[in-house]
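Here are a few notes to read alongside the structure. Have the 3D view open and find each residue as it comes up.

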Amino acid sequence: MIQALLAVFTASLLGSVHCVGMCGPFVLIASKATTNSNYQHPSSLTKWLPLASYHFGRLTTYLIL
């Protein structure tokens, strides 16, 4: 039982490092549009479109997999 728990813990730890390395830059780019105080477009749709696109793409990919 301990071996199974250790295997799950190790896989989770390595998986989280993989997620941060692979998806982290996409999240930073998508969220920059919503947090940048110098952003020129006051439209709510324009401001949230990159973040919504990221989440829609992520959802679509997970559903396909």
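**Notes on the model**

1. Let's start with Lys47, which counts as partly exposed because its relative accessibility is 28%. That value falls in between the two cut-offs, since buried means under 20% and exposed means over 50%. Keep in mind as you look around that this is a predicted model.

2. Where does Lys47 sit? You'll find Lys47 in helix H2, which covers residues 44–64. Now look across to Ser31: Lys47 and Ser31 are 16 residues apart along the chain, and their C-alpha atoms are separated by 9.5 Å.

3. Tyr54 is also worth a click, and helix H2 is again the place to look for Tyr54. Is Tyr54 buried or exposed? Tyr54 counts as buried, because its relative accessibility is 19% and the cut-off for buried is under 20%.

4. Which residues does Tyr54 touch, leaving out those up to four places away in sequence? The contacts are Cys23, Phe26, Val27 and Ala30.

5. Next, go to Met1, in the segment before helix H1, a helix that runs over 2–35. Met1 has 77% relative accessibility, so Met1 counts as exposed. Together with Ile2 and Leu5, Met1 forms a nonpolar patch on the surface, and the accessible area of these residues together is about 410 Å².

6. Finally, zoom out to the whole protein chain. Its secondary structure comes to 2 helices and 0 strands. The chain has 65 residues, and 9% of them count as buried.

Key:
Residues are numbered from 1 along each chain as its sequence is written. This is a predicted model: local features need pLDDT of at least 70, side-chain atom pairs count only at pLDDT 80 or more; totals for chains, interfaces and linings use all residues. Side-chain values use heavy atoms; hydrogens and water are left out. Patches are made of residues with over 30% relative accessible area and no salt bridge: like charges are joined within 9 Å, nonpolar side chains (Val, Leu, Ile, Met, Phe, Trp, Tyr) within 5 Å. Accessible areas come from the Shrake-Rupley method with a 1.4 Å probe; for residues, only the protein chains shown count as cover. A salt bridge is a side-chain nitrogen of Lys or Arg within 4 Å of a carboxyl oxygen of Asp or Glu. Helices (H or I, at least four residues) and strands (E, at least two) are DSSP runs, numbered from the N terminus. Buried means under 20% relative accessible area, exposed over 50%, partly exposed in between (1.4 Å probe, protein chains only). Contact means heavy atoms within 4.5 Å.
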